[in-house]
Amino acid sequence: MNHIISGGNFHGEFRIVLRGPAGGFVLSKSQERKLDRALCGISDCKCGGGYGRGADWDSAETEMSDDGGLRLVPALDIAARAAREEELQRAAI
Ligand SMILES: [Zn+2]
């Protein structure tokens, strides 16, 4: 399945497509490089791909994996997490 990572940062808008299992996966080294280039392709830049408004609401995201690489989190999982957190907050009131 194609996962889209999109948003806006210090350098403007970014959008890349990474192909992998629907439930998420650890990025290959070439996928990591593709993501790095999309976030910041400037070798001596110190931004780290951050700043700006961040990921789009419907974007997949990445998190550190257990082996020190990056794991792709599908957009649907992020929406499900947000809904669950909202439910927990409502229950706490
Ligand atoms: Zn940069």
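Begin by selecting helix H2, residues 75–92: H2 is hardly covered, and the count of buried residues among its 18 residues is zero. A residue is buried if 20 or more other C-beta atoms lie within 10 Å of its own, exposed if 12 or fewer, and partly exposed in between, with C-beta atoms placed from the backbone. From its first C-alpha to its last, H2 reaches 26 Å, close to the 26 Å expected at 1.5 Å a residue; the expected span is 1.5 Å times one less than the number of residues.

This is a predicted model, in which local features need pLDDT of at least 70, side-chain atom pairs count only at pLDDT 80 or more, and totals for chains, interfaces and linings use all residues. Residues are numbered from 1 along each chain as its sequence is written.

**Whole chain**

Zoom out and colour by pLDDT, which is the predictor's confidence in each residue, from 0 to 100. The mean pLDDT of the chain is 92, and 100% of its residues reach 70 or more. Confidence is lowest in H2, at a mean of 87, and highest in E2, at 97.

Switch to a cartoon view: the chain has two helices and six strands, and from the N terminus on its elements run β-β-β-α-β-β-β-α. Helices (H or I, at least four residues) and strands (E, at least two) are DSSP runs, numbered from the N terminus. Along the principal axes, the C-alpha atoms fill a box of roughly 50 × 30 × 25 Å. Of the 93 residues in the chain, 10% are buried. Among contacts between residues at least 6 apart in sequence, 55% join residues at least 24 apart; two residues are in contact if their C-beta atoms, placed from the backbone, lie within 7 Å.

**Sheet E2-E1-E4**

Select E1, E2 and E4. These three strands form an open sheet in the order E2-E1-E4, with antiparallel pairing. E2 and E4 are the edge strands, each pairing on one side only. Two strands pair if DSSP finds at least two bridges between them.

A hairpin joins E1 to E2 through two residues.

**Loop between H1 and E4**

Move to Tyr51, in the loop between helix H1 (29–39) and strand E4 (54–55). Most residues other than glycine have a negative phi. Tyr51 has a positive phi of about 65° although it is not a glycine. With 12 C-beta neighbours inside 10 Å, Tyr51 counts as exposed.

Step on to Gly52, in the loop between H1 and E4. Gly52 has 15 C-beta neighbours inside 10 Å and so counts as partly exposed. Not counting residues up to four places away in sequence, Gly52 touches Gly8, Asn9 and Phe10. For a distance across the model, pick Gly52 and Ala91: their C-alpha atoms are 32 Å apart in space, and the two are 39 residues apart in sequence.

**Sheet E3-E6-E5**

Now select E3, E5 and E6, an open sheet of three strands in the order E3-E6-E5, with antiparallel pairing. Strand E3 (25–26) and E5 stand at the edges with a single partner strand each, so one side of each is left without a neighbour in the sheet.

Take the E5 side. Four bridges join E5 (residues 61–64) to E6 (residues 70–73), and Met64 has Leu70 as its bridge partner in E6. The hairpin of E5 and E6 has five residues between the strands, and Gly68 in this hairpin takes a positive phi near 90°.

On the E3 side, two bridges join E3 to E6, which run antiparallel. Select Phe25, which stands opposite Leu72 in E6.

Finish at Gly23, in the loop between strand E2 (12–19) and E3. Gly23 is exposed, with 11 other C-beta atoms within 10 Å. Gly23 and Arg71 are 48 residues apart in sequence, and their C-alpha atoms are 11 Å apart in space.
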